[in-house]
Amino acid sequence: MDFPCLWLGLLLPLVAALDFNYHHQEGMEAFLKTVAQNYSSITHLHSIGKSVKGRNLWVLVVGRFPKEHRIGIPEFKYVANMHGDETVGRELLLHLIDYLVTSDGKDPEITNLINSTRIHIMPSMNPDGFEAVKKPDCYYSIGRENYNQYDLNRNFPDAFEYNNVSRQPETVAVMKWLKTETFVLSANLHGGALVASYPFDNGVQATGALYSRSLTPDDDVFQYLAHTYASRNPNMKKGDECKNKMNFPNGVTNGYSWYPLQGGMQDYNYIWAQCFEITLELSCCKYPREEKLPSFWNNNKASLIEYIKQVHLGVKGQVFDQNGNPLPNVIVEVQDRKHICPYRTNKYGEYYLLLLPGSYIINVTVPGHDPHITKVIIPEKSQNFSALKKDILLPFQGQLDSIPVSNPSCPMIPLYRNLPDHSAATKPSLFLFLVSLLHIFFK
């Protein structure tokens, strides 16, 4: 037996190196299926639904336990190609998959990430739009919308205005998907600018719209998340690389400050799915030439990895009754940052709160009972790939029969209409007011 040849064969990667070309549906599916077959211990491939034309909406899960939810393991997701003519994110996510699976067991950081996180990756939410592009263009191509000519990033329920558009199959599939997992953090990838944009995309007076921005109760966390991504991308952090776009200081913007957007996915994730999501605009040109793809990967690789790690910010745990039974549907929120749709424990009694280092008072509320108050201190240096763990024991005797098994859905109506200021985070200082006025005059 030729032992050198045998060892060489064992050392060869299970998946041939992914090329830097655009992968159409057939090629993308072949790659995903090969990864799922050759790395079955850490991946799981499934479709969450179909597009208008019947193409599968593929999701690859990467993690040490890819097929089932595990207590204390947070769920993260990346979604790309909502607009079929915005292509860079689609290819970056394929290369991210390749990098994750081939680095497992070799790179300690990636191995720890896979051990401690379930990473859901959807390379294309709008496969029909991608396939419809015949003549790529930097600024607009037929294919931006889905086959029914709907913009999928204007197709979700909106918390600020009535959004009576016809829900598309791709949108409905994502909305159902969000109910099947306890997603904590995510990002959707776009093209046409170079910036990390954070919620809200739409707004009302209560969220600061009078001052040319719209802020969530978790604005500090969102600004941190956006800066985390942008600061590691050498071009994005400059803020002025796209000559045909406005400048973005440090490569970051509030979505509403850029331009108001109704029915966007990031607002829907944050409000109705308890998932912090930002929008990543990754290229000045929506559909750049293939030869530029390696440089996009090099510029975004560190940002993509570092952003996933932020799913381990803050505090997590389970809520139990006195008999040790996990309690679903219990409201768990920081005292001064209540959400318009209260954040609740999942069916396993789990909660996840993304928080920056500091001291917080957490209200734990069972419907029909007084809040249980607990204090947590998030340390400056987070634990190794884990949020601070804080289980909460409620002073109740036995299982609480009054708590529904599943979380009630928050009504799909404009929740922020006629709402008074809901968070101190949205109240501007005089300085911010003056800066906003200058921004309006010189925009």
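Start by selecting phenylalanine 156: at 0% relative accessibility, this residue counts as buried (under 20% relative accessible area, with exposed over 50% and partly exposed in between; 1.4 Å probe, protein chains only). The model is predicted, so local features need pLDDT of at least 70 and side-chain atom pairs pLDDT 80 or more, while totals for chains, interfaces and linings use all residues. Numbering runs from 1 along each chain as its sequence is written, and side-chain values use heavy atoms, without hydrogens or water.

Next, the aromatic pairs. The count is 20 (ring centres of Phe, Tyr or Trp, the latter by its six-membered ring, within 6.5 Å; planes under 30 degrees apart are stacked, over 60 edge-to-face, the rest tilted).

Move to phenylalanine 222 and phenylalanine 276. Their ring centres are 4.9 Å apart and their planes at 20 degrees, so this pair is stacked. Both residues are buried.

Now select glutamate 281. UniProt, in an unreviewed entry, places the feature "active site" here; positions follow the numbering used here, feature names are shortened, and annotations may be inferred rather than shown by experiment. Glutamate 281 counts as buried, at 8% relative accessibility. Finish on its side chain: one of its polar atoms lies 3.4 Å from the backbone nitrogen of glycine 191.

Methods:
Polar contact = N/O pair within 3.5 Å; in protein donor to acceptor, adjacent residues only side chain to side chain.
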